[in-house]
Amino acid sequence: MIVQPHKAIVGANAFAHESGIHQDGMLKNRETYEIMTPETIGLSRSPDDAGIVMGKHSGRNALNTRLQQLGFDLSPQEVDDVFRRFKALADKKKGITDDDLLALVGDEVHQAATVWELVDLQVVCGTMGMPTCTVQLRGPDGITRVSVGVGAGPVDAAYKAIDGLVRVDAELVDYSVNSVTEGIQALATTRVTIRPTGQMKDEAYVVRAGGFGGKVQRTFSGQGADEDIVVSSARAYVGALNKMIGFLSVVNRTADPSQRPRASGNEVSVSIA
């Protein structure tokens with residue numbers, strides 16, 4: 001006989017808690033909402049496991065506690081940023097896994113200094129007409145600007161719209177998309193690698209360290225996460241552009257070539273991850 005998940009005492013959800021107030025109470029004292037332990041009916045649960053299920057009703061305290069258990073010590077502002085993305089994802093996906101949280105932290109916290117920020121994105125594509133993307137970015141001056149791009153596909157259109165605003169020549173070297181979890185509602189992570197072209201191409205070469213002479217070319221990578229692949233791709237591209245712009249600005253401010261950033265080892269290309 002199959003036991004229903006919501007069956008009292010023996011169901012799979014009997015000792016699971018998703019409500020924010022229940023999670024907060026369980027984190028403070030487990031006897032608040034559990035008059036008996038899972039071990040009473042033969043279930044095992046680790047001492048750190050309070051039966052917390054991350055979902056749309058979870059609160060900031062539960063999220064912060066789970067992130068600390070995963071090894072992240074975030075500032076209150078960083079927790080607020082991750083929590084905002086967490087709630088947006090939880091409204092579209094049932095059940096947030098640890099892999100989802102890791103992707104959100106990587107996309108929201110572990111990023112380069114923000115020069116351009118993705119605000120909004122809308123794509124129109126299909127079998128009729130040209131794929132078109134409207135992108136809204138917030139620039140280094142705090143002003144929000146809008147651009148429209150047309151491309152071979154929705155991602156290409158998004159990248160052309162971003163290029164129209166950032167106006168920094170860049171070549172896409174590598175592009176990859178992976179699903180964080182299984183299912184159609186899975187979170188997608190995108191990783192891109194770019195390098196400067198045009199007038200800024202020569203600025204991407206740095207003196208080889210160790211006295212070996214010669215120069216090596218730098219590449220810049222970015223990572224984005226979202227339930228929408230196009231949005232994830234746009235976040236990754238903007239992140240890579242921010243890294244490249246930050247590096248080139250440092251190089252341009254350094255008049256003495258001997259003080260320019262050096263590459264390590266004997267690699268032909270150096271990637272800033």
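Let's start at Asp 141, which is partly exposed, with a relative accessible area of 45%. In this predicted model, Asp 141 has a salt-bridge partner in Arg 145, with 2.7 Å between the closest N and O atoms. Arg 145 is partly exposed too, at a relative accessible area of 29%. Side chains of opposite charge can pair when their charged atoms come close.

An α-helix has 3.6 residues a turn, so residues three or four places apart point the same way. Lys 160 is partly exposed at 42% relative accessible area, and Asp 156 is partly exposed at 30%.

The other links Arg 235 with Asp 226, the closest N and O atoms being 3.9 Å apart; a salt bridge is counted within 4 Å.

Now follow helix α5 to an aromatic contact. The structure has two aromatic pairs, and one of them joins Tyr 159 and Tyr 237 in a stacked arrangement, 4.1 Å centre to centre with 15° between the planes. Because Tyr 159 belongs to helix α5 (residues 154-166) and Tyr 237 to helix α6 (residues 229-253), this pair ties together parts that are 78 residues apart in sequence. Both Tyr 159 and Tyr 237 are buried.

Together with Leu 172, Tyr 175 and Val 177, Ile 229 forms a nonpolar surface patch of about 300 Å² accessible area. Strand β4 (residues 170-179) gives the largest share of the patch, three residues.

What about the cysteines? The count of disulfides is zero. For Cys 125, the nearest cysteine sulfur is that of Cys 133, 9.5 Å away, while a disulfide would need the sulfur atoms within 2.5 Å. Cys 133 itself is buried, at 0% relative accessibility.

Finally, turn to helix α2 (residues 60-69), where Ala 62, Leu 63, Asn 64 and Leu 67 are buried. After α2 comes Gly 71, with a positive phi near 100°.

Terms used
Residues are numbered from 1 along each chain as its sequence is written. This is a predicted model: local features need pLDDT of at least 70, side-chain atom pairs count only at pLDDT 80 or more; totals for chains, interfaces and linings use all residues. Side-chain values use heavy atoms; hydrogens and water are left out. Buried means under 20% relative accessible area, exposed over 50%, partly exposed in between (1.4 Å probe, protein chains only). Helices (H or I, at least four residues) and strands (E, at least two) are DSSP runs, numbered from the N terminus. Rings of Phe, Tyr and Trp (its six-membered ring) pair if their centres lie within 6.5 Å; planes under 30 degrees apart count as stacked, over 60 as edge-to-face and the rest as tilted. Patches are made of residues with over 30% relative accessible area and no salt bridge: like charges are joined within 9 Å, nonpolar side chains (Val, Leu, Ile, Met, Phe, Trp, Tyr) within 5 Å. Accessible areas come from the Shrake-Rupley method with a 1.4 Å probe; for residues, only the protein chains shown count as cover. A salt bridge is a side-chain nitrogen of Lys or Arg within 4 Å of a carboxyl oxygen of Asp or Glu.
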